[in-house]
Amino acid sequence: MATIRDVAKLADVSVSTVSLALSNPARVSPKTLEKIRHAVAAVGFVADPLAQSLARGRSRMVGFVVGNVGNPFFGDIRRELENYALDHSHFVLVTDCSGKTEREKAMVEHLIGLKTAGLALAPSGHDQDYVDFIGGLNVPIVCFDQKVAGIERDFVGSDNHLAGAMLTEHLLQLGHRRIAFITGPSHMHTATERYRGFVDTMANAGVEVNPNFVVDGQFTRTAGYEAAMRLLIQPERPTAILGANNAVALSALQAMQELGFRCPEDISLAMIDNVQWSSVITPRITMVVQDTLALGGIIARRLMHRITNPQGAVEPPQDFVLTPKFVPGNSCRRI
């Protein structure tokens, strides 16, 4: 098996020069770098990533830690991160903690043990122990999606208050007053902000929120389905349902169809976040969507800046909050 010494001998340079060319080619002259590349190809040398990690103190791996890798929202962000990381000679390692904080902590500790260069993290925890855990990690981290009070790291996300407000205002403009809201977990930033947007907009319009019309869907299809059923069997049903995310909204549509309700003729429906193949769902659901490609791009650029730029490593954390987009469908009717 060819070694780095074989490359150095053929290229007529020192071993340290070959090592520098492999780890940081920008610091080697183009002429020398070309010689080394020809020598690497000629002897069939393959660098040992573990040895390189030990020498640098970190690997070229970037951790991507989320609660559900099957969620298309995370898939779009992951692709943007992977593309940008590859352009900077880094690779993405994806982990799924299933929304469980202790599992997330174990995964993060394992990634750091592997000398991971940095983490793109969608936090699952929220208490002080979790805040202290993240704060004590000596690695570049960019948090996204869930904003956790007390975590002093870069954050990238969308204006969730505005997302809830936009859909609520749309339904109010169509004449709806009996508007139901299927919420997400109360400890999650996205859920509380979307609900706050709903409540604030109703209050600004002088419309009282019926407590019977606010049900917990936990951001899951199972809980969302149960929540929708509770709404639909009430003697005085809502005229519109707003789902705090795509999972609960689609479950509400399923519940409507099973009980024989027509959407939007009987009950209007709106949701936050897109779903794959949304254009073929009947009816086409009115929604507010996040710009996942833009979010992924910011996460990628910010994390690589923290990893590769000495100045970036010491810059104070920043928040990047993007405006969501309203996408009209035909699932809401005027009353």
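Trainee: Which strand do four bridges join to β5, and how do the two run?
Mentor: In this predicted model, β5 is joined by four bridges to strand β11, which covers residues 319–322, and the two strands run parallel.

Trainee: And what about β4, how many bridges join that one to β5?
Mentor: Strand β4, residues 141–144, is joined to β5 by three bridges, and this pair also runs parallel.

Trainee: Take Phe-155 then, which residues does it pair with on either strand?
Mentor: Cys-143 stands opposite Phe-155, while in β11 the bridge partner of Phe-155 is Asp-319.

Trainee: Is β5 mostly covered or mostly open?
Mentor: Strand β5, which spans residues 154–158, is mostly covered, with five of its five residues buried.

Trainee: Which of its residues point which way?
Mentor: Asp-154, Val-156 and Ser-158 point one way from β5, whereas Phe-155 and Gly-157 point the other way, and all of them are buried. As background, side chains in a regular strand alternate between the two faces of the sheet.

Trainee: Switching topic, how many cavities of 30 Å³ or more are there?
Mentor: The structure holds one cavity of that size, and the volume of the largest cavity is about 50 Å³.

Trainee: Which residues line it?
Mentor: The lining of the largest cavity includes Asp-154 and Phe-155, along with Cys-143, and the other residues there are Pro-123, Gln-146, Lys-147, Val-148, Ile-151 and Arg-153.

Trainee: How does that lining divide into nonpolar, polar and charged?
Mentor: Five residues of the lining are nonpolar, one is polar and three are charged.

How values were computed. Residues are numbered from 1 along each chain as its sequence is written. This is a predicted model: local features need pLDDT of at least 70, side-chain atom pairs count only at pLDDT 80 or more; totals for chains, interfaces and linings use all residues. Side-chain values use heavy atoms; hydrogens and water are left out. On a 1 Å grid over the protein atoms alone, a cavity is a set of points where a 1.4 Å probe fits but cannot get out, and a pocket is an open set with protein on both sides within 12 Å along at least five of seven lines; lining residues have an atom within 4 Å of a point. Grid points are joined across faces, edges and corners, and a volume is the space filled by probe spheres set on the points. Ala, Val, Leu, Ile, Met, Phe, Trp, Tyr, Cys and Pro count as nonpolar, Asp, Glu, Lys and Arg as charged, and the others, Gly among them, as polar. Buried means under 20% relative accessible area, exposed over 50%, partly exposed in between (1.4 Å probe, protein chains only). Two strands pair if DSSP finds at least two bridges between them.
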